[in-house]
Amino acid sequence: MDDVAEKCDVIIDFSHPANLDSILKYALANKTPIVLATTGYSQADLEKIDSASKEVAILLSSNTSLGVNIFIDLVKKSVKLLKNFDIEIIDKHHKRKEDAPSGTALMLASAIKEVDTKKYNTYGRQGRDAKRSKEEIGIHSIRGGSIVSDHDVIFAGDSEVITFKHQAQSDVIFAKGALVAAEYLQSKTDGLYEMKDVLNID
């Protein structure tokens, strides 16, 4: 955004982590709120975002779908109830997606670990000694065709399985959620927010 001279009400970014610096520079100079919906940020990027949020309002979410964020909340609540169940996450996306696992899969894992702090991520499995541990969250990524964005969270117990699923049938859901988030930020001067703040989820 280095060449942008016009002022805007809010920035909504679905582009690429490489654009973060120019977006933050513009936002800080113009006190413009930002909806950051890009995935693949590094730890250094996240630290820049956190620092900038002290001066401008930023909503950071790897998935702005309203349905996905309710889905994440349902999974989080289920962790409290299904304490002895093994948990696996499967993310499925189109063949052009660069980052794996998806930002949404990582959001799901993070939400699970908020409830059970002993849990840790395991990315795929292979080999002759791949037995899971009780505290693993298995995360598996599938890439192919034109799949928009599918996520399954499997709770596997003894003799029973509960599967939560969210399927995005169009990218439109992300745009709609981002617009709701942008409207939410209009009343904020600074701070780092998530979609759960927009939806008023505890």
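**Pockets, strands and cores in a predicted model**

The largest pocket here has a volume of about 820 Å³. A word on the terms before I go on. On a 1 Å grid over the protein atoms alone, a pocket is an open set of points where a 1.4 Å probe fits, with protein on both sides within 12 Å along at least five of seven lines, and lining residues have an atom within 4 Å of a point. Points are joined across faces, edges and corners, and the volume is the space filled by probe spheres set on them.

Now the ground rules. This is a predicted model, in which local features need pLDDT of at least 70 and side-chain atom pairs count only at pLDDT 80 or more, while totals for chains, interfaces and linings use all residues. Residues are numbered from 1 along each chain as its sequence is written, and side-chain values use heavy atoms, with hydrogens and water left out.

Back to the largest pocket. Its lining has 31 residues, and Leu60, Ser62, Met107, Ser110 and Glu194 are the closest to its centre. When I name helices (H or I, at least four residues) and strands (E, at least two), these are DSSP runs, numbered from the N terminus. Helix H2 (43-52), helix H3, helix H4, strand E9 (191-193) and helix H6 (195-198) each supply at least two residues of this lining. Which element gives the most? That is H4, with 6 residues. By class, the lining divides into 14 nonpolar, 8 polar and 9 charged residues. Here Ala, Val, Leu, Ile, Met, Phe, Trp, Tyr, Cys and Pro count as nonpolar, Asp, Glu, Lys and Arg as charged, and the others, Gly among them, as polar.

The second largest pocket holds about 640 Å³ of space. Of its 27 lining residues, Phe14, Thr39, His94, Lys97 and Asp99 lie nearest its centre. H4 and E7 are the elements that give two or more residues to this lining. Its classes are 6 nonpolar, 16 polar and 5 charged residues.

Two strands pair if DSSP finds at least two bridges between them. With strand E7 (residues 149-157), E4 runs antiparallel and is joined by 7 bridges. Ile87 has Phe155 as its bridge partner in E7, and Glu88 has Ile154. With strand E6 (residues 136-143), E4 pairs in the parallel sense, again over 7 bridges. There, Ile90 stands opposite His140.

E7 also pairs with strand E8 (residues 160-168), in the antiparallel sense over 9 bridges. E7 and E8 form a hairpin with 2 residues between them, and Ser159 in the turn has a positive phi of about 70°. Ser159 is exposed, at 84% relative accessibility.

Now the cores. A nonpolar core is a set of buried Ala, Val, Leu, Ile, Met, Phe, Trp, Tyr and Cys residues joined through side-chain atoms within 4.5 Å. The largest has 18 residues, and those with the most contacts inside it are Val75, Ile89, Leu108, Ile112, Val153 and Phe155. Helix H3 (66-81), E4, helix H4 (103-115), E6 and E7 are the elements that give two or more residues to this core. Apart from it lies another core, of 13 residues, among them Ile11, Leu20, Ala52 and Val56.

Contact means heavy atoms within 4.5 Å. Leaving aside neighbours within four places in sequence, Ile112 is in contact with Val75, Val79, Ile87, Ile89, Lys119 and Ile137.

Finally, helix H1 and its surroundings. In H1 (residues 20-30), Leu20, Ser22, Ile23, Leu24, Tyr26 and Ala27 are buried. These residues pack against strand E1 (11-13), E2, H2 and strand E3 (57-60). Lys31 sits in the loop between H1 and E2. Its phi is near 55°, a positive value in a residue other than glycine, and at 51% relative accessibility Lys31 counts as exposed.

Ile34, in strand E2 (residues 34-36), is buried at 0% relative accessibility. Ile34 and Val10 are 24 residues apart in sequence, and 5.7 Å apart in space from C-alpha to C-alpha.

One last item is the peptide bond from Ala100 to Pro101, which is cis, with omega near -5°. Pro101 is placed in the loop between E4 and H4.

Methods
Buried < 20%, exposed > 50% of the residue type's maximum accessible area, 1.4 Å probe, protein only.
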